[in-house]
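Hi,

Have a look at it first, then read on.

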Amino acid sequence: MNEICIIGVYFGKFKNYFSLWLKSCEYNSTLDFYIFTDVLYEGYRPNNVYFVNMTLTQLKSVASKKIDLDISLERPYKCCDLRPLYGVIFQDYIKSYKYWGHCDLDLIFGDIRFFLGKYNYSEYDKFLNLGHLSLYKNTDNVNHYYKMSGSKCGDYTTVLLNDNSYAFDENDGIVQIYLQNELPLFYKRIFADISHIYRRFKLSEYCSLDGKDKNYKRQIFYWEKGKVYRAYYIKHQLFIEEYAYIHFKCRPNFNVDFNIDEVDSFYVTPIGFVPKGGDVTEEDIDKYNPYPLVPFKEYLEFLKWKSGLLMRRFRCRTKR
């Protein structure tokens, strides 16, 4: 049996690229994946992926009993605030594992085990700091760290007793608890977190605890035989970096017009997933992840996002 399991909770219809997500799980054969969902999935399932059928109402009932708190859970997105508590909520399913984790489904995994070994994950109680993938040591003490002080979101009862979204699973919540209490935490950026601000695929400059990620004018991301890479050119010289996974948040259904069983590598692009053949060329990048012809286009995209963010904050204040 594998010693690590990763939990995904998802309600509603799976995205059309779900088969690619499953394929990336299959390549991580030394990890197990549990999907708690109301979807009766009948497609191909890798041997290390387990589906547990559960409605949102049932999850609310289970979580309330395990935590001994009548939690508010009216929207699927609110499940993000429950993630640091999955070690308690789903203990009946994961009690035999040494580590458990939570993840999103809008991502493609690379070689997770390679990075776990490279950075000696067993030295940490929590490995990685964001909601799209984090691991926790499966001990009684660690599974109850969410009760400790330090969160900028308020204590866990405040977070769970109302239906607002606090992002308790990320930097202002459980991560602050680890930092303020000097608990063993690994937070190096070993993943490609794609910004939702720009049309072109760029690494996000936010949510990082160790500085901003560097982007390049000519860059592209791809999955190949179980690994995730970024390729980029500087003065016509090719460079390649490997990541634990690529997360393309807040994107709609992507185009997938190939049989995953017949393709062992593909680009992950703003227009969808595109089969990759041979080495990455500058022409591939210009075609699938082009730098805008108008130099200040990305600056305008940033201003649009920033103004929307300020407007949302203003509306939140006026509602109080």
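In this predicted model, strand β7 (residues 133-137) is largely enclosed by the rest of the structure, because four of its five residues are buried. On one side of the pairing list is strand β4 (residues 99-103), which runs antiparallel to β7 over five bridges; there, C103 stands opposite L133. Strand β6 (residues 126-130) also pairs with β7 in the antiparallel sense, over three bridges, and L130 has L133 as its bridge partner. β6 and β7 make a hairpin, with two residues between them.

Now to the charged pairs. The whole structure holds 21 salt bridges, and three of them may interest you.

E26 and K23 form a salt bridge, with their closest N and O atoms 3.5 Å apart. The two are three residues apart in helix α1 (residues 18-27), so about one helical turn separates them. E26 is partly exposed at 27% relative accessible area, whereas K23 is buried at 17%.

R75 meets D163 with the closest N and O atoms 2.8 Å apart. This pair links distant parts of the chain, 88 residues apart: R75 sits in the loop between α2 and α3, D163 in the loop between α8 and α9. R75 is partly exposed at 31%, and D163 is buried at 19%.

R218 and D286 also form a salt bridge (2.8 Å, N to O). Here the loop between β9 and β10, which carries R218, is linked to D286 in helix α10 (residues 282-288), 68 residues apart.

Best wishes

Key:
Residues are numbered from 1 along each chain as its sequence is written. This is a predicted model: local features need pLDDT of at least 70, side-chain atom pairs count only at pLDDT 80 or more; totals for chains, interfaces and linings use all residues. Side-chain values use heavy atoms; hydrogens and water are left out. Buried means under 20% relative accessible area, exposed over 50%, partly exposed in between (1.4 Å probe, protein chains only). Two strands pair if DSSP finds at least two bridges between them. A salt bridge is a side-chain nitrogen of Lys or Arg within 4 Å of a carboxyl oxygen of Asp or Glu.
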